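Hi there,

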Amino acid sequence: MIVLDKLYDVIIIGGGPAGLSAAMYAGRARLSTLLIEKDAYGGQIVITSEIENYPGGMGHESGADLIKRMVAQVDRFGADKVTDTIIDVDLESDTKIVKGQKGEYRGKTVIIATGAQPRPIGCPGERELISKGVSYCATCDANFFEDFEVFVVGGGDSAVEEAIYLAKFARKVTIIHRRDALRAAKSIQERAFANPKIDYMWDSVVVELKGDGILTSMVVQNVKTNETREIFADEEDGTFGVFVFVGFLPNSKVFEGKVAMQDNYIIADENMHTNVHGVYVAGDIRIKKLRQVVTAAADGAIAAIEAEKFLEEG
Ligand code: NAP
């Protein structure tokens, strides 16, 4: 295992908008900064087809493009970056130890920005049919369903926005929602309701996904009547798409017992302080009401500046 000798001022775990913002602010404050990301930068936002509400955005910019600009900005301010999956942390001492699969990293402060990942429906057949009809990313998979029928599960901002995006490709998009009213912002709802390709299946949940190697049918239950019905792929198509947007699960397992949490989200005050000295949290992983790129970026900035203050005060 590689052991990096360097004692960083700040170690940031997670390279989504919160972590990237923290890395930019920490680098700009001339703190020695290490940004650790397990995979690709950007977190959930890279699977978003269009960001229309990030301040200063010109519209029609994808999540991936916004992230490219953020990473370039982090590079400009000189943070070190490493790709590694964190498997354990020791946050109690003055020197915090962050253990990855590839190496062990040491920092005087730590900013946790590990975000969240898509929540599955959790029904039989779902896992087996991922990438065989079941998807959690419209930007990634919409083009596979050009002229096919697709179903979107969920009723929040993600579900409705991605349904609008999918309607550019699919022949028909049906939103399956467990209630009879969408949760999505009114402006997003208006766009969906105005789209003739989008239909709705209210008060309904998907209880089973079926197919041998490819999705061919699904069982949907009406939660009011308990009636179930099986929906089959059009004979000519042979399959259809099910895009799942039913919220997110926080990536907090590695921090269990290390920082205070509630329902697997990390508790922090308005200055991003956790209950552990020198450990901060930013973005979707913390308890908060509004999970947006702009709030993640704001959290990251606050966390980095708080880390700087902590280091100055000794
Ligand atoms: P969300 O707001 O948590 O919505 C999840 C949706 O899935 C809800 O409609 C919920 O139904 C439904 N749901 C949850 N569990 C389910 C289950 N087991 N079976 C069926 N349906 C289920 O998640 P999100 O839409 O991914 O958004 C997450 C956060 O990102 C939100 O804060 C959102 O505002 C933000 N976001 C913002 C934008 C934007 O501003 N452009 C875009 C995307 C996301 P109920 O409504 O009945 O609870």
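Below is what I found, going from one region of the chain to the next.

First, some ground rules: this is a predicted model, in which local features need pLDDT of at least 70 and side-chain atom pairs count only at pLDDT 80 or more, while totals for chains, interfaces and linings use all residues. Residues are numbered from 1 along each chain as its sequence is written, and side-chain values use heavy atoms, with hydrogens and water left out.

Let me begin with the parallel strands. The names I use for helices (H or I, at least four residues) and strands (E, at least two) are DSSP runs, numbered from the N terminus. Strand S9 (residues 149-153) pairs with S10 in the parallel sense over five bridges; two strands pair if DSSP finds at least two bridges between them. Within that pairing, Phe151 stands opposite Thr174 in S10. To get from S9 to S10 the chain passes through H4, in a right-handed β-α-β crossover. Right-handed here means that, with the strands pointing away from the viewer, the path from the first strand over the helix to the second runs clockwise.

S10 also runs parallel to strand S11 (residues 198-201), joined to it by four bridges, and Ile176 stands opposite Met201 in S11. The chain goes from S10 through H5 to S11, and this β-α-β crossover is right-handed. Strand S10 (residues 172-176) has four of its five residues buried, so it is largely enclosed by the rest of the structure. Buried means under 20% relative accessible area, exposed over 50%, and partly exposed in between (1.4 Å probe, protein chains only).

The axes of helix H4 (residues 157-166) and helix H5 (residues 186-193) come within 9 Å and cross at roughly 35°. Axes are lines fitted to C-alpha atoms, for helices over the stretch in contact, and angles run from 0 to 180 degrees between N-to-C directions. On the H4 side the contact is made by Asp157, Val160, Glu161 and Ile164, and on the H5 side by Ile188, Gln189, Arg191 and Ala192; contact means heavy atoms within 4.5 Å.

How many of the 10 residues of H4 are buried? Eight are, so H4 is largely enclosed by the rest of the structure. Among the buried ones are Ala159, Tyr165 and Leu166. Their cover includes helix H3 (138-141), S9, S10, H5, S11 and strand S15 (241-244).

Strand S13 (residues 217-222) pairs with S14 over five bridges, and Met218 stands opposite Ile231 in S14.

Finally, a few single residues. Leu66, in helix H2 (residues 63-76), is buried, with a relative accessible area of 4%. Leaving aside neighbours within four places in sequence, Leu66 is in contact with Ile51, Tyr54, Glu61 and Val293.

Arg30 lies in the loop between helix H1 (17-28) and strand S2 (33-37). Its phi is near 60°, a positive value in a residue other than glycine, and Arg30 counts as exposed at 69% relative accessibility. Asp147, in the loop between H3 and S9, has a positive phi too, near 70°, and is exposed, with a relative accessible area of 53%.

Best wishes
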